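I opened this entry to log what I looked up, step by step.

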Amino acid sequence: MSAAIVIAGREIRDSLRNRRVLAATGLMAALALTLTLLGSAPTGTVGVSKLSVTIVSLASLTIFLVPLIALLIAHDAISGEMERGTMALLLAHPVRRIDVIGGKFAGHALVLAIAAIVGYGTAALALAVLGDEVEIGAWAAFATMVGTSILLGLVFIALGYLVSASVRDSRTAAAAAIGLWLFFVLIYDMALLGVLVADQGRTLTPAALNALLLANPSDVFRLINLTSGPDVSLYAGMAGVAHRSGASASILISVLVGWIAIPLLLASLVFMRREL
Amino acid sequence: MSTATVSLRGITKRYGNRPAVTDVDLVLLPGERIALVGHNGAGKSTLIKLMLGLIRTSTGQIDVLGADITRHKASAIRADIGYLPENVVFPPAMTGRELLSFYARLKRRDVAQNQSLLERVGLVDAADQRTSTYSKGMRQRLGLAQALIGRPRLLLLDEPTTGLDPALRRTFYDIIDACAQDGATVLLSSHALAELESRSDRIVVMNRGLKVADGTLADLRALARCPTRIRADFGTDSTLPAESLGNRAGWRAVGVNIYEIACAEPDKMALVRRLMTLPAQPRDIEIVPPTLDDIYAHFLDRKAAE
């Protein structure tokens with residue numbers, strides 16, 4: 001276990017030193033602030049809490065940005081070290097391969113968590129400074145949003161490792177990572193929408209739709225956050241889905257955790273079979 | 001259980017259908033300096049990676065420091081192994097000192113020992129620079145320092161001296177000798193046999209994945225039976241009748257009045273004696289024993305011919 005901690009420490013130091021943490025945090029803070037400050041303009045005084053609007057904006061931002069950042073961090077975690085030749089030396093030490101995956105995951109998870117908490121925290125701070133009255137429920141929803149953003153990021157870090165452990169070189173890993181991102185973030189929902197329109201509700205039952213939504217981690221994230229309160233779901237246009245979806249928040253979160261655990265496990269298995 | 005540091009029994013490693021190493025038996029003992037020689041692609045690196053458990057055997061059994069290294073639980077054994085990969089590369093953003101600390105922590109050794117390692121390889125001045133600024137020689141020194149962490153009982157050095165200047169090469173061999181005297185098993189691979197002459201107790205020659213020779217230099221000489229060459233120079237003013245050399249049986253002119261013969265080691269003295277009784281005395285006699293490269297070539301050629 002301690003080998004994993006040593007490796008995690010190295011990953012964190014590396015990420016701090018090559019300004020990866022700074023870049024990710026800066027990017028998230030900048031976009032979150034922009035969305036918060038601009039995004040609260042159109043609501044005027046219609047009675048929707050500004051924080052609820054911000055949650056909707058930030059959640060939509062998360063779905064695009066967080067998986068991208070996660071995949072950027074993770075896609076060459078294994079293939080890159082194999083390609084450069086540093087992996088052979090690392091594995092010649094008393095280190096199990098699962099320590100390598102576990103250590104890297106812990107380190108990268110922390111990097112991502114810092115980026116999300118600081119980045120989105122800045123937005124929350126801005127709202128607080130601007131002096132809006134915000135009900136307690138909305139803060140809870142905000143906290144859920146930040147927490148699940150991190151979970152979503154971990155899903156894509158795990159998927160990134162799976163890609164990285166499976167391919168021969170970093171360029172293939174990068175291409176596969178972009179493919180993953182496009183698939184889960186853009187193509188999947190468009191395809192699903194297309195199917196729904198074409199099907200006209202004849203064969204696709206609500207249960208099937210739920211299952212299909214759970215099969216995409218970014219939709220799970222959407223279900224958790226864009227349905228987290230009546231205000232939010234109304235504003236996100238997710239009210240319809242929210243009513244239909246039978247899954248409770250805890251089930252949705254376990255699904256996300258499953259989306260982290262299974263790819264991570266598969267990545268470890270693939271990595272253990274790899275030869276250097 | 002044996003006292004051997006490493007024992008390989010019937011090791012075969014195939015990549016797909018291509019065999020990298022075929023049916024190799026090898027035993028390495030404590031305190032031994034073993035030179036693993038062969039040209040590129042002969043299977044040297046494959047053997048080293050097999051000993052480290054980085055790759056798995058297709059068939060055969062490997063025991064390293066008393067355990068099967070390929071087993072998952074065996075990773076702790078590697079705390080007693082020092083490895084210097086061919087063309088060593090380090091994570092670029094760390095300094096030499098940080099890297100040594102990192103590897104020492106992985107081996108669960110005292111980080112405080114690293115300073116003496118840095119001194120030993122002469123890297124104290126550059127210890128706080130990032131490794132991305134290091135030259136090849138400095139990387140190799142750091143690589144050796146890293147391999148020496150925690151007084152390993154087995155040192156696996158993959159072409160450690162390629163591309164090093166002669167002074168650094170000497171330092172390397174001195175450190176390696178000290179480790180062997182300390183009781184460590186040192187295996188070092190090279191594609192140049194010549195520089196290992198006095199630096200190894202045993203030589204293992206690999207060719208196309210097969211172990212073609214294993215023994216001391218004297219054993220190898222005897223096995224190879226490479227001819228010793230005797231060259232006799234009769235001087236420019238000599239009027240040597242060809243009959244003097246027994247109608248030049250076996251002798252071959254290699255210059256004006258210079259003749260050479262290739263003979264087996266036991267026949268050498270008889271030939272020299274005969275030379276001295278000739279009517280025309282040679283001005284100079286040169287006896288050239290087979291060089292390491294000749295012996296090496298012998299083992300490689302033999303396999304190629306089969």
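My notes on the two chains follow.

**Starting point**

I am working from a predicted model. I began with chain B and its overall make-up. I find eight helices and 14 strands in chain B. Of its 306 residues, 51% are buried. I then looked at contacts in chain B between residues at least 6 apart in sequence: 69% of them join residues at least 24 apart. The accessible surface of chain B is about 14,000 Å², and carbon and sulfur atoms account for 50% of that.

**Six-stranded sheet, chain B**

In which order do the six strands of the open sheet run? I read β6-β7-β8-β3-β9-β10 in chain B, with mixed pairing. From one strand to the next, the twist averages 15°.

Strands β3 (residues 33–37) and β9 (residues 202–207) of chain B run parallel and are joined by four bridges. There, B:V37 has B:V205 in β9(B) as its bridge partner.

Next I looked for helices against the sheet. Helix α1 (residues 44–52) of chain B packs on it and touches β3, β6, β7 (154–158), β8 (185–190) and β9 of chain B. The direction of α1 makes about 150° with that of β7(B). Helix α4 (residues 136–147) of chain B lies across β6 and β7 of chain B. Its angle to β6(B) is about 165°.

**Four-stranded sheet, chain B**

I moved on to an open sheet of four strands in chain B, ordered β12-β13-β11-β14 and antiparallel in its pairing. Here β12 (252–255) and β14 (284–288) of chain B are the edge strands, each with pairing on one side only. Direction ignored, neighbouring strands are turned by 25° against each other on average.

How many bridges pair β11 with β14(B)? I get five, in the antiparallel sense, with β11 of chain B spanning residues 228–233. B:R229 has B:V288 in β14(B) as its bridge partner. Helix α7 (residues 268–276) of chain B packs on this sheet. I see α7 touching β11, β13 (258–263) and β14 of chain B, at about 5° to the direction of β11(B).

**Chain A spans**

For chain A I turned to the record. The unreviewed UniProt entry annotates "transmembrane region" over several spans of chain A, including 105–130 and 136–163. I checked both against the model. Residues 105–130 of chain A are 96% helix and 0% strand, with end C-alpha atoms 37 Å apart. Residues 136–163 of chain A are 100% helix and 0% strand, with end C-alpha atoms 41 Å apart.

Definitions and conventions. Residues are numbered from 1 along each chain as its sequence is written. Chains are lettered from A and ligands numbered from 1 in the order in which they are written. This is a predicted model: local features need pLDDT of at least 70, side-chain atom pairs count only at pLDDT 80 or more; totals for chains, interfaces and linings use all residues. Side-chain values use heavy atoms; hydrogens and water are left out. Helices (H or I, at least four residues) and strands (E, at least two) are DSSP runs, numbered from the N terminus. Buried means under 20% relative accessible area, exposed over 50%, partly exposed in between (1.4 Å probe, protein chains only). Contact means heavy atoms within 4.5 Å. Accessible areas come from the Shrake-Rupley method with a 1.4 Å probe; for residues, only the protein chains shown count as cover. Two strands pair if DSSP finds at least two bridges between them. Axes are lines fitted to C-alpha atoms, for helices over the stretch in contact, and angles run from 0 to 180 degrees between N-to-C directions. UniProt positions are given in the numbering used here, feature names are shortened, and annotations may be inferred rather than shown by experiment.
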